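Reader: I have a model open and would like to know what stands behind the words used to describe it. Could we go through them together?

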Amino acid sequence: MIELSNVSKIYDNDVTGVKELNLTIQDGEFVFLVGESGSGKSTLLKLLMKELDPTEGAITIDGEDVTHLKRKNVSALRRRMGIVFQDYRLLTKKTVYENVAFALEVIEESSRKIRRSVPLALNMVGLAHKSKYLPGEISGGEQQRTAIARAIVNNPPILLADEPTGNLDPKNSKEIIELIERINKRGTTVIIATHDRAIVDTMQKRVIHLEKGEIVRDSEKGGYDDED
Ligand SMILES: Nc1ncnc2c1ncn2[C@@H]1O[C@H](COP(=O)(O)OP(=O)(O)OP(=O)(O)O)[C@@H](O)[C@H]1O
């Protein structure tokens with residue numbers, strides 16, 4: 001369970017990122033964060049992945065207070081999170097297989113575990129047949145699927161995604177969201193920041209709407225613009 005209690009982030013230039021957020025996300029939930037550009041979606045994700053510390057308030061993940069963590073504890077927390085970005089962030093000189101394997105190499109997993117886990121993750125995202133390709137040789141949708149394989153290869157309980165379909169056409173966007181939904185159905189908690197109305201409207205999941213850093217709507221199931 002992820003809990004935010006009265007969480008605010010004020011940037012150094014006095015700009016409010018998010019303000020007095022109170023939020024509980026249960027294990028296994030699928031949550032969309034929506035709102036205009038600048039409403040605080042990325043700030044909230046960065047607080048969860050501990051790229052930022054809150055100015056005020058408290059964050060707990062699975063009962064552990066993670067409001068302020070030392071660097072080595074941030075690494076331990078990140079092992080429990082898969083993270084996906086709009087721009088994929090793949091290593092351009094490594095193959096699809098090597099990009100996914102790299103996520104395990106940096107946490108010093110055994111080569112046996114890597115040999116076993118990488119093909120499973122690539123199968124999950126439907127890319128086993130492209131494992132020897134470089135990112136520049138595959139489509140944007142396939143690059144994002146590679147990034148998702150990298151994010152889930154260690155079976156993290158939480159998957160965070162910041163505009164994962166932002167660079168994709170509607171068909172690829174739908175495929176990516178359906179893939180993330182399959183990952184969610186295996187039990188992973190999913191939190192996605194998005195502008196993509198069509199996706200949010202189709203999926204009918206929990207929607208948290210931010211405006212100027214504040215939560216203005218939290219619907220258990222709904223579309224992008226639904227009233228409560
Ligand atoms: N590093 C930073 N320093 C100062 N202000 C920032 C910083 N990052 C974000 N902000 C400000 O915090 C507010 C929230 O930004 P945030 O990036 O969280 O919004 P967002 O909803 O993710 O927007 P987008 O959809 O454009 O990514 C904005 O006013 C933004 O300008």
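**What the words rest on**

Author: Gladly, and let me begin with strands β9 and β10, which pair in the antiparallel sense over six bridges. This is a predicted model, in which local features need pLDDT of at least 70 and side-chain atom pairs count only at pLDDT 80 or more, while totals for chains, interfaces and linings use all residues. Residues are numbered from 1 along each chain as its sequence is written.

Reader: What makes β9 and β10 a pair?

Author: Two strands pair if DSSP finds at least two bridges between them, and here there are six. One of the bridges joins I208 to D218 in β10. Strands themselves are DSSP runs of E with at least two residues, and helices are runs of H or I with at least four, numbered from the N terminus.

Reader: Why are β6 and β10 said to stand at the edges?

Author: The open sheet has six strands in the order β6-β7-β8-β3-β9-β10, with mixed pairing. β6 (81–85) and β10 (214–222) each have a single partner strand, so one side of each is left without a neighbour in the sheet. From one strand to the next, the twist averages 15°; such angles run from 0 to 180 degrees between N-to-C directions, with axes fitted to C-alpha atoms, for helices over the stretch in contact.

Reader: Which strands does helix α6 touch?

Author: Helix α6 (residues 170–185) packs on the sheet by touching β3, β7 and β8. Contact is counted when C-beta atoms, placed from the backbone, lie within 7 Å. The direction of α6 makes about 150° with that of β8.

Reader: What makes α1 mostly covered?

Author: Seven of its eight residues are buried, namely K41, S42, T43, L44, L45, L47 and L48. Buried is the word if 20 or more other C-beta atoms lie within 10 Å of a residue's own (12 or fewer is exposed, in between is partly exposed). Across the protein chain, buried residues make up 38% of the 228.

Reader: Which element gives the largest share of the shell around the ligand?

Author: Helix α1 does, with three residues. The shell includes K41, S42 and T43, along with Y11 and N13; a residue is near the ligand if its C-beta atom lies within 6 Å of it.

Reader: How do you know that the chain agrees with a compact globule?

Author: For 228 residues the rule gives a radius of gyration near 17 Å, and the chain has 17 Å, so the two agree. The rule is 2.2 Å times the number of residues to the power 0.38, over C-alpha atoms.

Conventions
Contact = placed C-beta atoms within 7 Å.
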